[in-house]
Amino acid sequence: MDELVSLAIIACLVRGNFLEAAFVSFVMMLGALIEEAASSSARKSIQSLIGIAPQTATVLINGRAITKPINEVKVGEILLVKPGERIPVDTVVRKGNSAVDEFSITGEARCHAPYRHRKTFFNFNRAL
């Protein structure tokens, strides 16, 4: 892309169209600034989501609640998620009743009551 812009600017200068050369340069610089601002904003949003991710999960083992780091949670383990907590990993609701705020995943400004075998997504959901 930069090569084509450079070629257009050189062609304008060779033909003596200095205003057009300046306009092409201006438009491309403005586009680069807008692109940088958008990517910077996206980077900050992702960093803020990473910052709110839970680092631990409460796992039920033999009826006892044990807290352990989320990277040690294995597939098939049963998690306990209390009201107000974020769901630490992708899950399937097996038992219980509560509403789950899925706004950051679905964009819907309403809570969903999880039902048996419903999938919930990690970290961004909050049990209410």
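1. Salt bridge. One salt bridge turns up in a search of the whole structure, the term meaning a side-chain nitrogen of Lys or Arg within 4 Å of a carboxyl oxygen of Asp or Glu. The partners are Lys68 and Glu77, whose side chains meet at 2.9 Å, N to O. Lys68 is buried, at a relative accessible area of 12%, while Glu77 counts as partly exposed at 25%. Buried here means under 20% relative accessible area, exposed means over 50%, and partly exposed lies in between (1.4 Å probe, protein chains only).

2. Basis of the values. This is a predicted model, in which local features need pLDDT of at least 70 and side-chain atom pairs count only at pLDDT 80 or more, whereas totals for chains, interfaces and linings use all residues. Residues are numbered from 1 along each chain as its sequence is written, and side-chain values use heavy atoms, with hydrogens and water left out.

3. Overall make-up. The protein has three helices and eight strands, and along the sequence they follow the pattern α-α-β-β-β-β-β-α-β-β-β. Helices (H or I, at least four residues) and strands (E, at least two) are DSSP runs, numbered from the N terminus. Of the 128 residues, 21% count as buried. The protein exposes about 9,600 Å², and carbon and sulfur atoms supply 63% of that area; accessible areas come from the Shrake-Rupley method with a 1.4 Å probe, and for residues only the protein chains shown count as cover. Among contacts between residues at least 6 apart in sequence, 42% join residues at least 24 apart, where contact means heavy atoms within 4.5 Å.

4. The sheet. Three strands form an open sheet in the order β2-β1-β3, with antiparallel pairing. The edge strands are β2 and β3, each of which pairs on one side only. Strand β1 (residues 56-61) pairs with β2 (residues 64-69) over six bridges, and β1 also pairs with β3 (residues 78-79) over two bridges. Two strands are taken to pair if DSSP finds at least two bridges between them. On the β3 side, Leu60 has Ile78 as its bridge partner.

5. The hairpin turn. Two residues lie between the strands in the hairpin of β1 and β2. Asn62 is placed in this loop, and its phi is near 55°, a positive value in a residue other than glycine. Asn62 is exposed, with a relative accessible area of 78%.

6. The nonpolar core. Which residues make up the largest nonpolar core? The five are Ala57, Val59, Val73, Leu79 and Val89. A nonpolar core is a set of buried Ala, Val, Leu, Ile, Met, Phe, Trp, Tyr and Cys residues joined through side-chain atoms within 4.5 Å. Leaving aside neighbours within four places in sequence, Val73 is in contact with Ala57, Val59, Lys68, Leu79 and Val89. Lys68 in that list is also the salt-bridge partner of Glu77. In general, nonpolar side chains of soluble globular proteins tend to be buried together.

7. The surface patch. Met1, Phe23, Phe26, Val27, Met28, Leu30 and Ile34 make a nonpolar surface patch of about 720 Å². Patches are made of residues with over 30% relative accessible area and no salt bridge; like charges are joined within 9 Å, and nonpolar side chains (Val, Leu, Ile, Met, Phe, Trp, Tyr) within 5 Å. One of these residues, Val27, is in helix α2 (residues 18-52) and counts as partly exposed at 38% relative accessibility.

8. Cys12. Helix α1 (residues 2-15) holds Cys12, which is buried with a relative accessible area of 14%. With neighbours within four places in sequence left aside, Cys12 is in contact with Asn17, Glu20 and Ala21. Cys12 and Val24 are 12 residues apart in sequence and 9.3 Å apart in space, C-alpha to C-alpha.
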